[in-house]
Amino acid sequence: MALDFLCYLRFFYARFTSMDLHLDAPHSMGTTIIGVTYNGGVVLGADSRTSTGMYVANRASDKITQLTDNVYLCRSGSAADSQIVSDYVRYFLHQHIIQLGQPATVKVAANLVRLLSYNNKNMLQTGLIVGGWDRYEGGKIYSVPLGGTILEQPFSIGGSGSSYLYGFFDQAWREGMSQDEAEELVVKAVSLAIARDGASGGVVRTVTINSEGLLRKFHPGDSLPLWHEELEPQNSLLDTLMPEDSQ
């Protein structure tokens, strides 16, 4: 018995040491984040899948992070990098608000994100979208991609799922949309990215910010629109494999 066990250990060790685990290989960190301006405010949206290569680490993460009461941040890329940037920006904005005695503007928040991203561009792997509303400029969207560039845009998309959305937004976005139209556009766009991008998935979360405050919404996966060749949600794999008449 002891000899058999020893042979097993040697066999297992040989198999394990010969495996190519690719532990130092780069990991794909996919997501879909969107920011859209409308007539009166902004709508931010994101999927909820956090992936490490082919492994889904979290299927219900929240990628829309609060910076102040009127400014939020959409995070993509490395979760650790984007979280530490948002923590630092939130801290600096808190000090800024205390000193000024009034809410920070969206431009100030976006420039703080830009400053941290640019000064640490060789160490950070994150793309961010800053969106919010202030009494001076209304609803604003700023994109801060890899490298720390800052771009003010009427709408912005980021993450691996954005590759499938550029043509869609060129056709679907228009100036002067209502709040309902902007929210519908964001949910539709994220669901399209989920359908096409394997690194995006889960549920859709949206945050609407305007002069009246903010509104968070949660859209479960089974309520999202289906796209070409997508299967309807099923409770069991057998429901997919067996036709309805044979059940």
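Predicted model: local features only at pLDDT ≥ 70, side-chain atom pairs only at ≥ 80, totals over all residues.

Student: Which residue takes a positive phi in the hairpin of β1 and β2?

Tutor: Look at the turn, where 2 residues sit between the strands. The phi in question is near 135°, and the residue that takes it is Gly40.

Student: How many residues of β2 are buried?

Tutor: Side chains in a regular strand alternate between the two faces of the sheet. Here Gly41, Val43 and Gly45 point one way, while Val42, Leu44 and Ala46 point the other way, and all are buried. Strand β2 is therefore largely enclosed by the rest of the structure. The count is 6 of the 6.

Student: Now the open sheet: which are its edge strands?

Tutor: The order is β5-β6-β7-β8-β9, with antiparallel pairing. An edge strand pairs on one side only. For instance, 3 bridges join β5 to β6, with Ile64 partnered by Cys74 of β6. The edges are β5 (64–66) and β9 (151–152).

Student: Which strands does α2 touch when it packs on that sheet?

Tutor: The direction of α2 makes about 160° with that of β6. Helix α3 lies across β6, β7 and β8, at about 165° to β7. As for α2, the strands touched are β5, β6 and β7.

Student: How are α2 and α3 oriented relative to each other, and what is the handedness of the crossing?

Tutor: Their axes come within 10 Å and cross at roughly 135°. Angles over 145 would count as roughly antiparallel and 65 to 115 as roughly perpendicular, so α2 and α3 are oblique to each other. The crossing of α2 past α3 is right-handed.

Student: How many nonpolar residues are in the contact of α2 with α3?

Tutor: From α2 the contact takes in Val85, Tyr88, Val89, Phe92, Leu93 and His96, and from α3 Val108, Ala109, Leu112, Val113 and Leu116. By class there are no charged residues and 1 polar one. The nonpolar count is 10.

Conventions:
Residues numbered from 1 in each chain as written. Heavy atoms only, no water. Axes fitted to C-alpha atoms, helices over the stretch in contact; angles between N-to-C directions. Helix = DSSP H or I, 4+ residues; strand = E, 2+ residues; numbered from the N terminus. Parallel < 35°, antiparallel > 145°, perpendicular 65-115°, else oblique. Left-handed = near helix turned anticlockwise from the far one by under 90°. Contact = heavy atoms within 4.5 Å. Nonpolar A, V, L, I, M, F, W, Y, C, P; charged D, E, K, R; others polar. Pairing = 2+ DSSP bridges. Buried < 20%, exposed > 50% of the residue type's maximum accessible area, 1.4 Å probe, protein only.
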